[in-house]
Protein chains: 4
Amino acid sequence: MSTGFFGDIKPVKYEGPDSTNPLAYRFYNPDEVVAGKRMEDHLRFSVAYWHSFAWPGGDPFGGQTFERPWFGETMEGARLKADVAFEMFTLLGVPYYCFHDADIRPEGKTFSESLGRFEEIVDLLGAKQKETGVKLLWGTANLFSNRRYMAGAATNPDPDVFAYAAATVKACLDATKTLKGENYVLWGGREGYETLLNTDMKREREQAGRFLSMVVDYKHRIGLKGTILIEPKPQEPTKHQYDYDVATVYGFLKDFGLEKEVKVNIEQGHAILAGHTFEHELATAAALGIFGSIDMNRNDYQSGWDTDQFPNNVPEMALAFYEVLKAGGFKTGGTNFDAKLRRQSLDPQDLLVAHIGGMDCCARGLKAAARMIEDKALSGPLEERYAGWKSAEGKAILSGKRTLEDLSERVVKKKIEPQPKSGRQEWLENVVNRYV
Amino acid sequence: MSTGFFGDIKPVKYEGPDSTNPLAYRFYNPDEVVAGKRMEDHLRFSVAYWHSFAWPGGDPFGGQTFERPWFGETMEGARLKADVAFEMFTLLGVPYYCFHDADIRPEGKTFSESLGRFEEIVDLLGAKQKETGVKLLWGTANLFSNRRYMAGAATNPDPDVFAYAAATVKACLDATKTLKGENYVLWGGREGYETLLNTDMKREREQAGRFLSMVVDYKHRIGLKGTILIEPKPQEPTKHQYDYDVATVYGFLKDFGLEKEVKVNIEQGHAILAGHTFEHELATAAALGIFGSIDMNRNDYQSGWDTDQFPNNVPEMALAFYEVLKAGGFKTGGTNFDAKLRRQSLDPQDLLVAHIGGMDCCARGLKAAARMIEDKALSGPLEERYAGWKSAEGKAILSGKRTLEDLSERVVKKKIEPQPKSGRQEWLENVVNRYV
Amino acid sequence: MSTGFFGDIKPVKYEGPDSTNPLAYRFYNPDEVVAGKRMEDHLRFSVAYWHSFAWPGGDPFGGQTFERPWFGETMEGARLKADVAFEMFTLLGVPYYCFHDADIRPEGKTFSESLGRFEEIVDLLGAKQKETGVKLLWGTANLFSNRRYMAGAATNPDPDVFAYAAATVKACLDATKTLKGENYVLWGGREGYETLLNTDMKREREQAGRFLSMVVDYKHRIGLKGTILIEPKPQEPTKHQYDYDVATVYGFLKDFGLEKEVKVNIEQGHAILAGHTFEHELATAAALGIFGSIDMNRNDYQSGWDTDQFPNNVPEMALAFYEVLKAGGFKTGGTNFDAKLRRQSLDPQDLLVAHIGGMDCCARGLKAAARMIEDKALSGPLEERYAGWKSAEGKAILSGKRTLEDLSERVVKKKIEPQPKSGRQEWLENVVNRYV
Amino acid sequence: MSTGFFGDIKPVKYEGPDSTNPLAYRFYNPDEVVAGKRMEDHLRFSVAYWHSFAWPGGDPFGGQTFERPWFGETMEGARLKADVAFEMFTLLGVPYYCFHDADIRPEGKTFSESLGRFEEIVDLLGAKQKETGVKLLWGTANLFSNRRYMAGAATNPDPDVFAYAAATVKACLDATKTLKGENYVLWGGREGYETLLNTDMKREREQAGRFLSMVVDYKHRIGLKGTILIEPKPQEPTKHQYDYDVATVYGFLKDFGLEKEVKVNIEQGHAILAGHTFEHELATAAALGIFGSIDMNRNDYQSGWDTDQFPNNVPEMALAFYEVLKAGGFKTGGTNFDAKLRRQSLDPQDLLVAHIGGMDCCARGLKAAARMIEDKALSGPLEERYAGWKSAEGKAILSGKRTLEDLSERVVKKKIEPQPKSGRQEWLENVVNRYV
């Protein structure tokens, strides 16, 4: 029973690389086995409720461009929105979706009213999940849009806001459990500062640590199986966000003893804003043992804000999924399209087309990455490059058996004058280009 | 016995704000007491040997512009360089200086030859310190200029380079001890990567951790009292440097259990390159308990590389020294001018003028900061802003006595609907402008 | 007859540098004569209607924070807004204000209805101008917020949008004439592209040229005395805006023969986004003969979007007003605060405080600039630096009397080997610091 | 008669997409006809003498890494360098090369000595051109490395430097004529400023205009057929360069009446530094009628300086060559690899491998672009999007037959309320992905 929103459209199918059908997959073939696993199970695609169904198309200089029949902050609208959302999930054949509390229900006049509405829609989503087989990749709470959070949620100067945020996250954790969500994400959009002049950074950091600890405790108490994920972002909307990037989050987790409990959800656009490539953040998380999930989009390299565009550059996707595969692939995580249409993309079909393009782009990237791994295209030369560290002396150094004096003596005695070897970067770049 | 390099110049004196003498201080008055301490003891100025005496004035598109009589990589040149350097320290009346091994001696053909030359000049510097009373703020090793380090020092794929770097650092630690240096700095200019394609980030991070641990061990073994400092920088010359920023260094130290042993030397220009303000990095280090010392310069806000200019913006200095004072001021650290003349500033006088301007700028900033603290100009409003956290409930939350359920229940029962209060940023900015 | 919005506040007065009254000027003293002119006549301050009275405090991740009694898009609200606006202009004692059509009236269902409402409020503003003596610095049309402009106004693929924009600008030019506006500004927030893939840049540029020509023609036809100003901005909200920076606008004006008709309104924040300092854009406009007016704000140097903060850095203001004075000062232009409160600055007083701080900052800058000019602090050394060009040969070269052959021959014959001279940048920076 | 530098290597051949031979082309097939022309004639590849043969591998924090037998600033070295250069051109099968005077000869003690050496090597290059069939794409003068140019060449405060630069350019134009160079390029690396404080921008702009006019005059006088090209760059090494970007250069050319005489040589990396995509700069030049040639490299999107890497992203190349083809393809211009090895790429083979990868990447891009044009993949939808402007009213507006009043009247009378249409960006991005 279609809502009619997408018109007379059939589920999107794989038609192969030569298809020119804008509503077909050319590379994403869910059942195709890549590196020993179905593509669907590798990529674990998820649609973001917020950008696709709640965002009105505004930007800092312009208002709503999208005219969706469900807009207007009513429960009726919320139900229609859910209908269309699951319709799209089904048309696309994605296995997962994600949402914030604020995406799925209109805000009430009080916390209790908001909660009541939330629970009502959560039940509806539960029913739709059962009906369609679509699953919840992660739940999350919107602790940034309402004016009460303008100066932070957990890091607010007012402990009542902390409490309000805590109550909200509790509700969202409960919902995530109810809906069998496989992860729970915290993005601290307001956990930072606009100006140091009015900010006690040390205190706010303590508040953030306390909050996260409470979340982890509660998760265990209710038996929620999903992974708790922090999503780093350096800034925007704030001037500085405490979860700046993966390395910063790691230090924070270590400080509060949570590095075994919490992982990261890495977004391409946030990596870019922090001055990193996406693959850098992925590799860092893997090296630190906290890789969890990804938010798939891209930022415009010439714009200094979070553009959240659908990915379209296959070579970049190949490098990203190369890191994902090297890290062992997703466990509970997945590939969530935290990407929004351009505000000029008004048509319902644009929603489908954007996801199809993004999914195909990821699929091409994944396949290229899998072949690079299979061929040891990069790992072979890497092994060779570091081969010296497998020597007895290399091992002795790394295992702590050498002091500065030992090494100094060896350099002097053995007249060591190391000769540099080519890093072969251009050749390796050419090798990658053989796969994309 | 002057070298004549600076011509017929008398030591630079404090002449007060109205002086128009380009070779006088207008604000830096070493003996003036600010916030209970002499300005000299607050600021602990240091001149960087490298930029002022070793840098030829080149940039990526142009070669040497400075014509210094000591250029040419000879021991004779090295001695003349030392003479002129101490002459300048004395003319300026700065209490400290800093150097890399490579700044003070010509590279030899072998490690041993380089070491011999180094030790010879270190002795000379020791004599000059005694003669002039100028002290060593910190020593450091140049592990980035020579081609042997092109792929990293501690993080090199070749363990022989690790060994060579270790031997070099040992020599520099020894020299630092000999010269009673108050700190030892590690800047990992090549400890990063050009491309992930040829990089094993996890392994390299282990190597870096091992190296740092060896340095800390050795320091204790030889009884060097100074603080070990890491100097964060996000990139340049590499695409990515492992010591990206203060928060990243903190995570790294925690990982290797060195957060009590090692602090940070924060450079304004590196903060800017990492997407932070200088005061942000200072405040972060203070919050994390690892604030050590500063490298004073400024980067051009419109240029994407490390311009290392002398500071000239007093309001910025006021905010920086406000953070330094809030952190308790320098212990072993100081204000090192890691700043270089523009390559068009050819004249010997330019060297003096640049330092004088920078020192005056810092002195004005310090005085403004001290008055802000005295007046509680910012701390008063701050205390008020976070007052809620001093309530019983606020304390209970922070001390771990509340769960998500507790808070949720309280929000519901007490019908908590927090009302935001003005952050008063513009007013606070106006307040600061009363002091600068 | 106060609206009561600002409470019981008296007009803001000059109290001198030592005042700690947050609602007094410490430097802006309208009648004080600086460089032969009253400060008010130099600075020609203007308040922006949009940020101060129409902006709800949202950002890309959060909604309204301000609760103003006039919000809600009604004519009654529009009238109250005008009352409060003029109340603030009067309290601050600013001589000017600026507005877009959309700031002052609620949008109607049709163009005609919007126009009727606009004209009604324009009459009201006219009456208020007469009553208070406050004048209109410039009028402008909002051709960017409504979804009809999402793909451009003059550069829209649909000529009907061009026509709609033209009709709107006509109404705004008419209103500007009615209200004796001293300038008319065009900011082409949507005149650019999101992606080249759907853009015919050459055609759109032609459209923009045609539109501007029509505006200039109409201005002359109705006898509007004010200057037509283009406000450059590189991007945001679009990926690329055709009026990227001053130099780009100049090329555009030359192309359409409008360089004598149109000048630029330069915004600090837009300069920063384009990779320039504010003073660079001012100096460029002066050099090209198209300097008109300024939009005064500042962008955050670490954020990649248009933060539109109130200025607070005096040294920067000194350099900016130095360029303004060098360009001969404002003719019809002025200093418009195109600056908005931070969204956490909720209180009515914050509006006053922000403007007071900004005005004081500009006044300090102006005074410093005037003294630098009086002392020839920078112009003296400049003249000396270029003295060679006053020689006979220098003049001959510049006036076109020398060919490459002539110069080549002279170099060879006279064995010219030019010797570089110090650029003395640090000394000049110190000189500036004597004034700020 | 091989120099042996590259060892025992055979000329690089096209082996097709499946080749894994690192020394074969997989896509560049000179004789293959694409869009009616041989690939070689489309792409007109050129090798840059400077990066490949003169650059020692340094960066701002490290010195020489490459050890080339011709290093050392002797005439013997210069001759060997030429031998190896032409050997590489021949091995690669590129039809063109480019050089600065300073790349090919050691600097002499006087202008005359330098000139004599230059002419000697120019003769040698002429002989080698004849021998190998390799041609000169463009000549240029190095007016930035020597300290005499530290404050500008044409824009120097000292007219003797202007004269010296003029003499140098004359020699290079003469050489370009001798060698039948098809273009002559001016890159004004020092034509800008480090600080406005010591700069008379208006005067320097006049100097630059005069210089360029002299160059154009001389070109005509000696009958040099090649195109004069300006290469825009926003900054680095200077803080600001007068030839900021294509639009800035256009305004400059218009000002001096040179827009029919001079075109632009657009570099990818410089576009990025100026805040543009490469394709933006290409499209702008085409729209303004000044598209000439390209410098092919890429900048690192996370680094703020000119990294000059070899291109490796095929989708980006497709968009770039799409603009080149739309602009009618190269006339006298070509694709010059102004790209340098990473400083760790020490081996002679790295030079070949880098060029092979870059050429293949361009070839893939070209082929994709040609097919997009053939299929009207983008131009078809574009035509449709702007169809309204082909209506009678659209044409009347653009041709100047409508006034603001006309359009206002039409909007009111016809009750025009334009309805936005989808910009279809994501769909167009998917379309492009069908070709790459």
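I'll go from the barrel to the annotated site, then to the domains and the chain contacts.

Some housekeeping. This is a predicted model, where local features need pLDDT of at least 70, side-chain atom pairs count only at pLDDT 80 or more, and totals for chains, interfaces and linings use all residues. Residues are numbered from 1 along each chain as its sequence is written, and chains are lettered from A and ligands numbered from 1 in the order in which they are written.

Okay, the barrel. In chain B, eight strands close up into a barrel with parallel pairing, in the order β5-β6-β7-β8-β10-β12-β13-β14. Helices (H or I, at least four residues) and strands (E, at least two) here are DSSP runs, numbered from the N terminus, and two strands pair if DSSP finds at least two bridges between them. On average, neighbouring strands of this sheet are turned by 30 degrees against each other, direction ignored. Then there's helix α6 of chain B, residues 159–178, which packs on the sheet and touches β7 (135–140) and β8 (183–186) of chain B. The direction of α6 makes about 170 degrees with that of β7(B). For those angles, axes are lines fitted to C-alpha atoms, for helices over the stretch in contact, and angles run from 0 to 180 degrees between N-to-C directions.

Let's zoom in on β6 of chain B, residues 96–100. Five of its five residues are buried, so the strand is largely enclosed by the rest of the structure. Buried means 20 or more other C-beta atoms within 10 Å of a residue's own, exposed means 12 or fewer, and partly exposed is in between, with C-beta atoms placed from the backbone. Y96(B), C98(B) and H100(B) point one way, while Y97(B) and F99(B) point the other. On one pairing, β5 (residues 45–48) of chain B joins β6(B) in the parallel sense over three bridges, and A48(B) has C98(B) as its bridge partner. β6(B) also pairs with β7(B), again parallel, over five bridges, with H100(B) opposite T140(B).

Now over to chain A. Which positions does UniProt give as "active site"? The unreviewed entry lists H100(A) and D103(A); the numbering is the one used here, feature names are shortened, and annotations may be inferred rather than shown by experiment. H100(A) is in strand β6 of chain A, and it's buried, with 21 other C-beta atoms within 10 Å. Leaving out neighbours within four places in sequence, H100(A) contacts W50(A), T140(A), A141(A) and N142(A). Contact means C-beta atoms, placed from the backbone, within 7 Å. D103(A) is in helix α4, residues 101–104 of chain A, and counts as buried with 21 C-beta neighbours inside 10 Å. With the four-place rule again, D103(A) touches Y49(A), W50(A), F53(A) and A54(A).

Chain A is assigned domain 1 (13–374) and domain 2 (379–433), bounds that come from an automatic or database domain assignment. Their C-alpha centres lie 40 Å apart.

Last stop, the chain contacts. Chain B and chain A put in 84 residues each. On the chain B side, helix α7 (residues 201–222) gives the largest share, eleven residues. Chains C and D also meet, with 84 residues from each.

Note on methods:
Two residues are in contact if their C-beta atoms, placed from the backbone, lie within 7 Å.
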